[in-house]
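Subject: Structure for you to look at

Hello,

Here is the structure I promised. Please open it and keep it beside this email as you read.

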Amino acid sequence: MVDIEALREKYATVYRILNEVYGRPERGSPGPPLNELVGTILSQATTDANTDRAYAELVARFPDWESVMNAPPEGVIAAIRTAGLANTKGPRIQAALRTIYEERGELSLDFLADLPLPEAMAWLTRLKGVGPKTASIILLFSFGRAVFPVDTHVYRVTGRLGLIPPRMSANQAHDFLATLGAPETYYPMHINLIRHGREICHARSPQCHICPLQDYCNYYRAVVLRAADA
């Protein structure tokens with residue numbers, strides 16, 4: 001059985017410690033949702049640096065998203081080559097833009113602000129190449145909606161901490177983590193978990209010896225301390 005109350009206490013403790021260590025991130029001015037859509041598709045299975053380079057090249061080559069939508073596929077693919085998987089991401093971006101235009105009559109996702117959250121999630125995830133992570137990022141970052149995006153860093157760190165049950169999928173973790181804290185914690189917790197995953201809780205060779213979350217980490221107790229005692 002999952003002890004939800006115990007996990008909520010752990011979530012609150014982790015949230016507090018991460019804010020103390022890294023500062024509490026504040027949402028800036030929301031970016032246009034189409035920008036988030038394209039940027040998040042570009043970010044799939046690559047680094048932030050590669051994503052930024054590909055995005056910058058894309059907007060340098062094309063004056064607006066309508067131009068991207070109508071461009072020859074090879075032109076979009078060439079522009080985003082540095083993001084990796086360009087032959088997949090380019091057509092996905094163009095297909096998503098076409099679907100939005102065909103269904104809404106304009107290239108805009110602003111209507112999502114007025115949809116009930118489940119409907120907004122369902123609408124976005126119908127777009128090819130848009131899963132719960134991409135949809136959640138758009139809804140949180142552009143609209144401030146009460147969703148908890150789970151990327152590879154968030155999934156790894158929360159799994160090691162024991163904030164999500166063993167064998168829970170990343171898609172399931174979106175909704176589960178959202179039950180553990182108040183909506184106003186989602187953005188700071190998401191950002192700080194990513195930072196913690198990049199700086200300390202690496203996929204390989206995590207730096208457990210300097211981690212401020214040692215006392216609350218299932219992985220540290222089960223793997224690191226047990227190995228030290230062996």
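First, a definition: on a 1 Å grid over the protein atoms alone, a pocket is an open set of points with protein on both sides within 12 Å along at least five of seven lines, while a cavity is a set where a 1.4 Å probe fits but cannot get out. Lining residues have an atom within 4 Å of a point. Grid points are joined across faces, edges and corners, and a volume is the space filled by probe spheres set on the points.

The model is predicted: local features need pLDDT of at least 70, side-chain atom pairs count only at pLDDT 80 or more, and totals for chains, interfaces and linings use all residues. Residues are numbered from 1 along each chain as its sequence is written, and side-chain values use heavy atoms, with hydrogens and water left out.

Pockets

The largest pocket has a volume of about 790 Å³. It is lined by 28 residues. Nearest its centre lie Ser-43, Asp-48, Thr-51, Ile-137 and Arg-198. Which helix gives the most to this lining? It is H11, with six residues. (Helices are DSSP runs of H or I, at least four residues, numbered from the N terminus.) H11 covers 183–199, and H2 (33–43), H3 (48–61) and H8 (132–143) are among the others that each supply at least two residues.

By class, this lining has eight nonpolar, 13 polar and seven charged residues. Here Ala, Val, Leu, Ile, Met, Phe, Trp, Tyr, Cys and Pro count as nonpolar, Asp, Glu, Lys and Arg as charged, and the others, Gly among them, as polar.

The second largest pocket has a volume of about 180 Å³. Its lining includes Val-2, Leu-7, Tyr-155, Pro-165 and Asn-218. Seven of its lining residues are nonpolar, three polar and one charged.

The cavity

The structure holds one cavity of 30 Å³ or more. Of the 15 residues that line it, the closest to its centre are His-196, Cys-201, Cys-208, Cys-211 and Cys-217. Helices H9 (152–161) and H12 (218–229) each supply at least two lining residues. H9 gives the most, with three. The lining has eleven nonpolar, three polar and one charged residues.

Cysteines

How many disulfides are there? The count is zero, taking a disulfide as a pair of cysteine sulfur atoms within 2.5 Å. Cys-201 is in none: the nearest cysteine sulfur, that of Cys-217, is 6.4 Å away. Cys-217 is in none either, as its nearest cysteine sulfur, that of Cys-208, is 6.2 Å away. Cys-201 is buried, with a relative accessible area of 11%. Cys-217 is buried too, at 9%. (Buried means under 20% relative accessible area, exposed over 50%, and partly exposed in between, with a 1.4 Å probe and protein chains only.)

Helix H1 runs over residues 4–22, 19 residues in total. From first C-alpha to last it reaches 26 Å, close to the 27 Å expected. The expected span is 1.5 Å times one less than the number of residues. Its buried residues include Leu-7, Tyr-11, Val-14, Ile-17 and Leu-18. Gly-23 follows H1, with a positive phi near 90 degrees.

Pro-73 sits in helix H5 (residues 73–79). Pro-73 is partly exposed, with a relative accessible area of 42%. Pro-73 and Ile-17 are 56 residues apart in sequence and 46 Å apart in space, C-alpha to C-alpha.

Best wishes
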